[in-house]
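Look at the sequence and the structure below.

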Amino acid sequence: MVLMKHVMSSQQLSLLSYANTCMLMASSSVYRRQQFLIRSLGGGIDHSRNMQQDLRSVEVDAESVIRSITPALDPTRHKGQAGKIAVIGGCREYTGAPYFAAISALKIGADLSHVFCTKDAAPVIKSYSPELIVHPVLEESYSVREEDKKTISRKVLAEVDKWMERFDCLVIGPGLGRDPFLLDCVSEIMRHARQTNVPIVIDGDGLFLVTNNIDLVSGYGLAVLTPNVNEYKRLVEKVLSSEVNDVDATQQVLSLAKKIGGVTILKKEKSDLISDGDTVKSVSIYGSPRRCGGQGDILSGSVAVFLSWARQHIIAADPNSNLSCKNPAVLGCVAGSAMMRKAASLAFCHKKRSTVTGDIIECLGESLEDICPAT
């Protein structure tokens, strides 16, 4: 008994001596340089940092989210209750993008889908589908005299504003172009959307506009930005004054969303990262290796619908809801990302290399039915 007690005391003394030595080493510049070298060579692990990322980055059960927020097809509901979406975009050069976003919203399950575009774009977009309500109200600089710009701008805003309170979500940017006068008008539309608490999903040239005027969305919790690689790079450089950090992508997208005041960012990449500045969600459902143009437009239209459904779901305070996240913008991004990926995968199975955006749109309904059957 005495011998065992003596041995244990020796062990305790050895541990205490080792701990003191470590503390002395940790305080030395030599030790710190050694640890920096180890981390640089990939031999060290920053446990506190990894724990922070593990706590804040979560692979979401996206299909469960879709099932929770998708409203049932109830015969007592009337036209418009399943969503009224408006796309602000479409100019002489770009007519496909606003069509893709607007028709995707309908294919997901919205009841009504509007497009506010320039007069040149309207006949073309109308010819794509009679399902869309097309408003030829936007103007570009080439068609407006300098002395008439203020008057025309007020008319454009008034025309959009009279519809604003009817919409459940705006999609701003698909096919918008970068005409200065047009962008000024859209800036005013965004300000009015904020005043009436209408959610906005911003993509394409809308992100160009926002990157150069962050105040348009700063602090607005119902704003969603959906940047691709290049758009994200410009946002990071503008807002964080740094380069894109792919090693610590989770923390960076969190910091970016927080810096813009709690907007939700859907960073499009191999695994989509979604953050509102408080948490980071990941959607890694396999999509398609085919990268045809227009998929971002499908995504923006899909996110708009799911965001409006999530908002209705949260407002209704369904007691049977199992959703831990209560931010409709985040939920909309999770559902929209998963739906886009699932539809792209299905379209690719059918068409392989010849897959185009229209093929993916046609798979949206089947993809949603597979997750959330109408019956």
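Is Leu 209 buried or exposed? Leu 209 is buried, because its relative accessible area is 8%, and buried means under 20%, exposed over 50% and partly exposed in between, with a 1.4 Å probe and protein chains only. Leu 209 is found in helix H9 (residues 205–211); helices (H or I, at least four residues) and strands (E, at least two) are DSSP runs numbered from the N terminus. In sequence, Leu 209 and Ile 172 are 37 residues apart, and their C-alpha atoms are 9.9 Å apart in space.

This is a predicted model, in which local features need pLDDT of at least 70 and side-chain atom pairs count only at pLDDT 80 or more, while totals for chains, interfaces and linings use all residues. Residues are numbered from 1 along each chain as its sequence is written, and side-chain values use heavy atoms, with hydrogens and water left out.

**Strands**

Strand E2 (residues 84–88) is mostly covered, with four of its five residues buried. Two strands pair if DSSP finds at least two bridges between them. E2 pairs in the parallel sense with strand E3 (residues 112–118) over five bridges, and Ala 86 has His 114 in E3 as its bridge partner. From E2 the chain crosses through H5 to E3 in a right-handed β-α-β crossover; right-handed means that, with the strands pointing away from the viewer, the path from the first strand over the helix to the second runs clockwise. E2 is also joined to strand E5 (residues 169–172) by four bridges, and these two strands run parallel. Opposite Ile 85 stands Cys 169 in E5.

**Salt bridges**

A salt bridge is a side-chain nitrogen of Lys or Arg within 4 Å of a carboxyl oxygen of Asp or Glu. A search of the whole structure finds 17 salt bridges. The table gives some of them.

| Pair | N to O distance |
|---|---|
| Arg 67 and Glu 63 | 3.9 Å |
| Lys 107 and Glu 362 | 3.5 Å |
| Lys 351 and Asp 359 | 3.0 Å |

Arg 67 and Glu 63 both lie in helix H4 (residues 62–69), four residues apart, which is about one turn of the helix. Arg 67 is partly exposed at 42% relative accessibility, and Glu 63 is partly exposed at 30%.

Lys 107 is partly exposed, with a relative accessible area of 37%, while Glu 362 counts as exposed at 54%.

Elsewhere, a network of salt bridges links Arg 145, Glu 147 and Asp 148.

**Pockets**

On a 1 Å grid over the protein atoms alone, a pocket is an open set of points where a 1.4 Å probe fits, with protein on both sides within 12 Å along at least five of seven lines; lining residues have an atom within 4 Å of a point. A volume is the space filled by probe spheres set on the points.

The largest pocket has a volume of about 600 Å³. Its lining has 26 residues, and nearest its centre lie Lys 268, Glu 269, Asp 272, Arg 291 and Gln 295. Helix H12 (295–316) and helix H13 (328–351) are the elements that give two or more residues to this lining.

The second largest pocket has a volume of about 350 Å³. It is lined by 18 residues, of which Thr 70, Pro 71, Ala 72, Leu 73 and Trp 309 are the closest to its centre. Helix H15 (residues 364–371) gives the most to this lining, with three residues.

**Backbone angles**

Most residues other than glycine have a negative phi. Ser 241 is not a glycine, yet it has a positive phi of about 55°. Ser 241 sits in the loop between helix H10 (229–239) and helix H11 (249–259) and is exposed, with a relative accessible area of 64%. Lys 352, also not a glycine, has a positive phi of about 50°. Lys 352 is in the loop between H13 and H14 and is partly exposed at 44%.
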